[in-house]
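Subject: Structure handover

Hi,

Here is the structure for you to look at.

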Amino acid sequence: MKINMSHGSGGKQTEDLINRIFLKHFDNNILNRLEDAAVLDIKGKIAYTTDSFVVTPLFFSGGDIGKLAVCGTVNDICMMGAIPKYLTAGFIIEEGAEIETIDKIAFSMKLSAEEAGIKIVAGDTKVIEGQGGIYINTSGIGEIVKSGVSISNCQKGDAIILSGNLGDHHAAIMSERMEIENNIKSDCAPLVSIVKNLFDSNIEVHCMRDVTRGGLATVLNEISSASNCGVEIYEAVLPISNEVRGLCNILGLDPLYMANEGKMIAVVPGKQAKTALEVVRKSRYGENAQIIGHIVDGSGVTMITTLQGSRILDVLYGDGLPRIC
């Protein structure tokens with residue numbers, strides 16, 4: 001069965017769509033009231049974020065647009081020293097989309113939300129003319145449990161920990177689009193475990209950032225600018241899988257500028273770097289973590305290459321080619 005314009009009319013077919021898919025998968029005592037707004041129980045300071053998700057194809061090795069929407073929002077909350085609590089989801093659906101497809105996406109969101117410990121408490125559905133496309137907007141709220149985590153809080157001598165391999169998501173999407181057969185899977189995942197474990201281990205986390213569009217190089221430049229410091233990383237220790245390296249060589253891509261959806265960096269005092277690294281490696285999705293560099297005097301981002309030369313890493317300019325979302 002396909003979506004038609006009447007599914008967005010607010011009448012019987014809209015009600016059927018909500019009951020058949022969204023209430024079935026997102027079932028909880030807040031959403032089930034079907035009020036005009038969710039009433040939430042929140043204590044103290046909160047982190048609040050919003051994001052929109054557009055990806056082709058909708059389903060890819062390691063994930064789909066639904067998993068992407070939940071994990072992307074959850075991770076943005078976590079990076080501010082918060083534990084995710086509540087999420088809203090707005091669907092813009094083009095007529096012609098298969099209802100079965102929407103059901104699969106909603107089920108994926110349910111699983112990802114359960115893993116992250118977040119409730120989907122409100123939502124909206126709009127149907128527009130088109131050719132079966134699906135777009136998702138999410139907003140998320142988390143309770144701050146660690147204050148002072150900020151990209152402006154890095155200090156000279158801090159160590160930079162990267163939670164795992166670069167480029168997996170970007171490479172997975174491109175492989176799907178170009179029908180290249182390989183074993184690369186998107187790294188799309190919620191990073192709640194890593195963040196909680198760092199806090200529970202009393203690591204003095206100065207900064208966290210998830211490495212998404214623009215890649216590692218762009219994120220490090222944002223940190224450099226916000227903290228008025230220099231960043232130095234080392235090419236030899238950057239975790240990149242052999243398959244992703246191979247695909248990059250074929251397509252002319254640079255892992256430093258490729259998107260990720262389940263990787264983060266944590267900036268911690270140098271004296272706590274080894275302890276923090278072990279904490280991350282023992283966390284879910286952190287087994288390939290590495291200390292990749294340090295905060296230094298100066299400005300901008302420099303990479304010490306495997307040949308012991310220096311490469312200046314600037315931000316991504318223009319569109320990330322090929323664009324993946």
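The crossing of α1 and α3 is right-handed. That term applies if the near helix is turned clockwise from the far one by less than a right angle; anticlockwise is left-handed. Helices here are DSSP runs (H or I, at least four residues), numbered from the N terminus.

Some background first. This is a predicted model, where local features need pLDDT of at least 70 and side-chain atom pairs count only at pLDDT 80 or more, while totals for chains, interfaces and linings use all residues. Residues are numbered from 1 along each chain as its sequence is written, and side-chain values use heavy atoms, without hydrogens or water.

**α1 and α3**

Helix α1 covers residues 12-25 and helix α3 residues 99-116. Their axes lie 9 Å apart, at an angle of about 15°. Axes are lines fitted to C-alpha atoms, for helices over the stretch in contact; angles run from 0 to 180 degrees between N-to-C directions. So α1 is roughly parallel to α3 (under 35 degrees). From α1, R20, I21, F22, K24 and H25 make the contact (heavy atoms within 4.5 Å). From α3 come I99, I102, D103, A106, F107 and K110.

**α5 and α8**

Helix α5 (residues 192-200) and helix α8 (residues 273-281) have axes that come within 9 Å. They cross at roughly 140°. I194, N197 and L198 of α5 meet A276, V279 and V280 of α8.

Best wishes

Key. Helix = DSSP H or I, 4+ residues; strand = E, 2+ residues; numbered from the N terminus. Parallel < 35°, antiparallel > 145°, perpendicular 65-115°, else oblique.
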